[in-house]
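Okay, thanks for coming, everyone. I'd like to walk you through some helix packing and a ligand site, so let me put the model up.

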Amino acid sequence: MKSILLVDDDKNLSETLAELIDPKEYRVDLLADAPGTVDYIRANGPDVVLLDVNLPSGSGLELLKEIKGIEGAPPVIIISGYVSTDNAMEAMKEGAYEYVTKPFQMERLLVTIHKATEELHASTLAKRQVKPEMLWQTTPDITSEVVDTHREIIGVSEEIVEIAKMIGRVAKSDAAVLIFGESGTGKELVARAIHRNSNRSDKVFLSVNCAALTETLLESELFGHEKGAFTNAYSRKLGKFELANSGTIFLDEIADTSMTTQSKLLRMLQEQEFERVGGEQTLKVNVRVIAATNKSLVSAIKEGKFRIDLFYRLKVVSIYLPPLRERRDDIPLLANHFLDIYNKATGKRVEGITSEAMKFLAKYSFPGNVRELENTIQTAVVMSKNRVLEVDDLPIAKDRRELVKIDFDEIKDNYYQMFRRLLEPIYGKIYQNSNGQIYAHIQEAFEKAVIGLTLQQLNNNQVRAAESLGISRNTLRDRIDKYGIK
Ligand SMILES: Nc1ncnc2c1ncn2[C@@H]1O[C@H](COP(=O)(O)OP(=O)(O)OP(=O)(O)O)[C@@H](O)[C@H]1O
Ligand SMILES: [Mg+2]
């Protein structure tokens, strides 16, 4: 028979558990508080421990650390009375087998208990990797980047809790992590959280935006260059890999690297070595790599623009950040979080968000994800003259109303503004799905829409349509065929 140790002062839970489990399969022992738990485990060796986060004498997460210090410690399932991404992250980081929140589905808890006792003590297997011996080492004399004030991961959705757990699980290993998700979903935030929870947290975290630079400049940024390596290389420059030695590097927008840079990155990931641009000396460093992309690397691979071997090297662990519209439970919490932040930042005292405005936010599609929500609240706080934020204070609500009210006489001369506004809400999606083809895709769709609408307006009279459009009838027929316009 297997034994479960439940450390929790919540009577309800112990009673439900006792009712649900098969007494022939498990024995449940109860402890209502932390003191004595470690001794109990040493003496009795339970197969699994269920541990509450809030114990009368203190934090269950502290107790978790002690339990994990016992040789051959049993798997520990952390139980929390409320959803907390921080607790989820911390629990997994300290080696918990699982993190579940009350009220939970009992079925699921039973499955977890079952798995934990089957995969006997799997969670105690050493996860730490051996660090390679350094041939060459410097500890750069730069302190970690600008202090960012609000780096807590906010959310209560199942999705965000899974992400927090994932961060906790991978943080302490040196494994490369690939983070993917639409623009503004929090990729950089997650990368920083991984670093902060890793064994490298007292070392630097450097970030490089791979899309912002040309091939030569990006390579010089990453690997450094020697004096005279190229025009304007007036002196030796150390690259980010060198500067991030023993720390973490964040390669943002990794899809936008050239094939040449990709092969250098591959070597860096495989051997942890490289040469400065124009240099001969091979340098060896110990850098943990976290990469992010908002484009599909799979499509890029299919199109021959991304190396598959690099892809596998980067995604030893991959974390997907779902768009905000797919985890709407997080919207109210995030909105209030940003309200706090921008109240503090601006010295304003906006007390809250009306339920009508909150409803608007909860339904809005947020093509720009969390960043768009943040910008919305920021603008609203800055501009608001009221005690609370109303729908009218939200720029996204205003934009939408203005779009409906567009005065075409006025805007005739200003198509640019209008199209920009029309495209903006869906641009993130277009960007994501049109790898290197944005122009072609938009132009085609635009042409098709204009021709289709004109024909509709003129009851499919092609002569008049060609006239109004200002194109020849041949061109019109050609486009109708090409786009299959009915
Ligand atoms: N879960 C979250 N809790 C709190 N703040 C968040 C969360 N997710 C994102 N943010 C905030 O939203 C903003 C955008 O996040 P971040 O820069 O990490 O997104 P990203 O995925 O890197 O976007 P991009 O692809 O545009 O670079 C940041 O200010 C970040 O702090
Ligand atoms: Mg980013």
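**Helix pairs and the ligand shell**

So, helix 4 and helix 6 cross in a right-handed way; a crossing is right-handed if the near helix is turned clockwise from the far one by less than a right angle, and left-handed if anticlockwise. Before I go on: this is a predicted model, where local features need pLDDT of at least 70, side-chain atom pairs count only at pLDDT 80 or more, and totals for chains, interfaces and linings use all residues. Residues are numbered from 1 along each chain as its sequence is written, with chains lettered from A and ligands numbered from 1 in the order in which they are written.

Helices here are DSSP runs of H or I, at least four residues, numbered from the N terminus. Back to that pair: helix 4 covers residues 85-93 and helix 6 covers 158-171, and their axes come within 7 Å at a crossing of roughly 30°. Axes are lines fitted to C-alpha atoms over the stretch in contact, and angles run from 0 to 180 degrees between N-to-C directions. That makes helix 4 roughly parallel to helix 6. The cut-offs are under 35 degrees for roughly parallel, over 145 for roughly antiparallel, 65 to 115 for roughly perpendicular, and oblique for the rest.

Who touches whom? Contact means C-beta atoms, placed from the backbone, within 7 Å. On the helix 4 side we have residues including Thr85, Met89 and Lys93, and on the helix 6 side residues including Ile160, Ala164 and Arg169. By class that contact splits into nine nonpolar, two polar and four charged. Nonpolar is Ala, Val, Leu, Ile, Met, Phe, Trp, Tyr, Cys and Pro; charged is Asp, Glu, Lys and Arg; the others, Gly among them, are polar.

Next, helix 13 (residues 330-346) and helix 14 (residues 355-363): axes within 9 Å, crossing at roughly 120°. That makes helix 13 oblique to helix 14. Ile331, Pro332 and Ala335 of helix 13 meet Met358, Leu361 and Ala362 of helix 14, and that's six nonpolar, no polar and no charged residues.

On to the ligand. Which residues come nearest to ligand 1? Out of 17 around it, they're Ile154, Gly186, Lys187, Glu188 and Val370, where "around" means a C-beta atom, placed from the backbone, within 6 Å. Helix 7 (187-196) and helix 15 (369-383) are the elements giving two or more residues to that shell. Domain 2 (158-321) and domain 3 (324-404) each supply at least three residues, with domain bounds coming from an automatic or database domain assignment.

Notes:
Two residues are in contact if their C-beta atoms, placed from the backbone, lie within 7 Å.
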